[in-house]
Amino acid sequence: MSEPVKTLPLVFEEPPRRGKPPRHLADLTAVERKARLEELGLPGFRAKQLSTHYFSRLVDDPAQMTDLPAGQRQELVDGLLPHLMTPLRTLEADKGTTVKTLWKLFDGALVESVLMRYPGRVTMCVSSQAGCGMACPFCATGQGGLQRNMSTAEIVEQVVAGARALARGEVAGGPGRVSNVVFMGMGEPMANYKAVIGAVRRLTDPTPDGLGMSARGITVSTVGLVPRINQLTEEGIPVTLALSLHAPDDELRDELVPVNTRWKVAEAVEAAWNYARVTKRRVSIEYAMMRGINDQAWRADLLGDLLNSYGDWGWVHVNLIPLNPTPGSKWTASDPADEREFVRRLEAKGVPTTVRDTRGSEIDGACGQLAAVDD
């Protein structure tokens with residue numbers, strides 16, 4: 001590369017802040033919800049009814065919660081279902097089957113989520129932080145810096161809001177349900193580990209304690225925070241791990257993914273391989289294709305050799321992402337011929353490879369484009 005890229009500093013801890021989001025039943029286990037109501041001087045058994053309204057019935061209007069006593073209803077709702085986020089704007093693409101929502105959180109922080117409807121499945125792409133501290137220079141979110149971590153309930157609410165819209169038939173294609181959740185919106189999920197794991201548990205807890213989703217339908221992405229990948233390996237939740245690699249060599253990855261200065265390519269890939277070994281879940285290697293930067297045929301060979309060095313037992317597949325350019329950026333998508341050659345080289349080495357369908361790019365809802373600007 002001709003000149004080094006100027007990057008922001010890496011930020012692993014959120015800046016100090018005043019105030020936390022209100023505690024919501026999605027932040028709590030079933031036992032904790034009951035205790036919370038009792039602390040407020042309310043009957044604990046009502047917690048299950050509130051959970052049923054939230055997770056099973058997808059109700060957000062207290063007037064519809066007719067099994068709660070009218071005189072106590074508002075107090076119960078305020079106790080466990082406080083208002084968390086307000087939709088400021090929704091944008092649609094792909095004939096209404098891709099919907100991006102800009103949310104305003106209680107303290108004015110802005111985040112985005114994207115609902116994508118495909119034949120036979122619906123995927124919610126959710127944010128886990130307002131902004132991101134990983135400072136990747138080609139990503140709009142990373143260039144905005146980190147404002148704060150999101151709470152478990154703020155993460156879950158993005159999925160529940162999508163589930164509500166689908167259940168009510170508000171998304172093109174008629175009523176439906178969320179089948180997949182990908183932690184690939186704003187933020188580095190592993191840098192907000194506790195809240196993200198809490199959200200995964202709420203999404204997979206059986207109804208009415210949670211949404212009752214399959215862990216196999218959930219993908220947690222990371223740029224390679226190795227200690228957190230190792231922690232996830234021991235959690236016993238069989239989510240899919242996605243490692244955003246973007247370069248197979250340390251020299252280039254140090255520039256593209258600054259966290260590589262902390263944990264090198266070999267360490268990140270080894271942690272991902274170990275995750276696959278322990279969980280028996282195939283790992284996804286995310287690789288944003290950038291013209292003239294990381295899309296050379298020799299780098300495809302290097303990537304294939306690196307992954308094959310851990311054996312060819314089906315532990316991994318590569319997901320190539322045509323880069324979604326951001327305004328004023330020098331980074332641009334690969335030439336289609338170079339992309340095809342990259343795929344051919346990986347497949348020749350026996351590495352399963354797909355090219356991601358870039359949904360939502362015209363509404364800045366695709367990978368690397370979420371900047372949460374309220375214009």
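This is a predicted model: local features need pLDDT of at least 70, side-chain atom pairs count only at pLDDT 80 or more; totals for chains, interfaces and linings use all residues.
Select strand 2 (residues 98-105) and strand 3 (residues 110-118) together: the strands run antiparallel and are joined by 7 bridges. Within this pairing, Lys 104 has Leu 110 of strand 3 as its bridge partner.

Keep strand 2 on display and select strand 1 (residues 85-93), which pairs with strand 2 in the antiparallel sense over 8 bridges. Here Glu 92 has Val 99 of strand 2 as its bridge partner. Strand 1 and strand 2 also form a hairpin with 4 residues between them, and in its turn Asp 94 has a positive phi of about 50°. Is strand 2 enclosed or open? Of its 8 residues, 7 are buried, so strand 2 is largely enclosed by the rest of the structure.

Next, show the side chains of Tyr 118 and Arg 121, where the charged end of the arginine sits over the tyrosine ring, 4.1 Å from the ring centre.

From here the tour turns to aromatic rings. The model has 6 aromatic pairs. Among them is the pair of Phe 12 and Trp 263, which is edge-to-face, with 6.0 Å from centre to centre and 85° between the planes. This pair links distant parts of the chain, 251 residues apart, since Phe 12 belongs to the segment before helix 1 (30-39) and Trp 263 to the loop between helix 7 (250-256) and helix 8 (265-279). Trp 263 has a relative accessible area of 16%, and because the limit for buried is under 20%, Trp 263 counts as buried.

Phe 138 is in the loop between strand 5 (129-131) and strand 6 (146-149), and Trp 331 is in the loop between strand 11 (316-322) and helix 10 (336-348), so the pair ties together parts 193 residues apart in sequence. Phe 138 is buried at 8% relative accessibility, and Trp 331 is buried at 5%.

Finally, select Trp 273, Tyr 310 and Trp 315, which ring pairs link into a cluster.

How values were computed: Residues are numbered from 1 along each chain as its sequence is written. Side-chain values use heavy atoms; hydrogens and water are left out. Rings of Phe, Tyr and Trp (its six-membered ring) pair if their centres lie within 6.5 Å; planes under 30 degrees apart count as stacked, over 60 as edge-to-face and the rest as tilted. Helices (H or I, at least four residues) and strands (E, at least two) are DSSP runs, numbered from the N terminus. Buried means under 20% relative accessible area, exposed over 50%, partly exposed in between (1.4 Å probe, protein chains only). A charge sits over a ring if NZ of Lys or CZ of Arg is within 6 Å of the ring centre and within 35 degrees of the ring normal. Two strands pair if DSSP finds at least two bridges between them.
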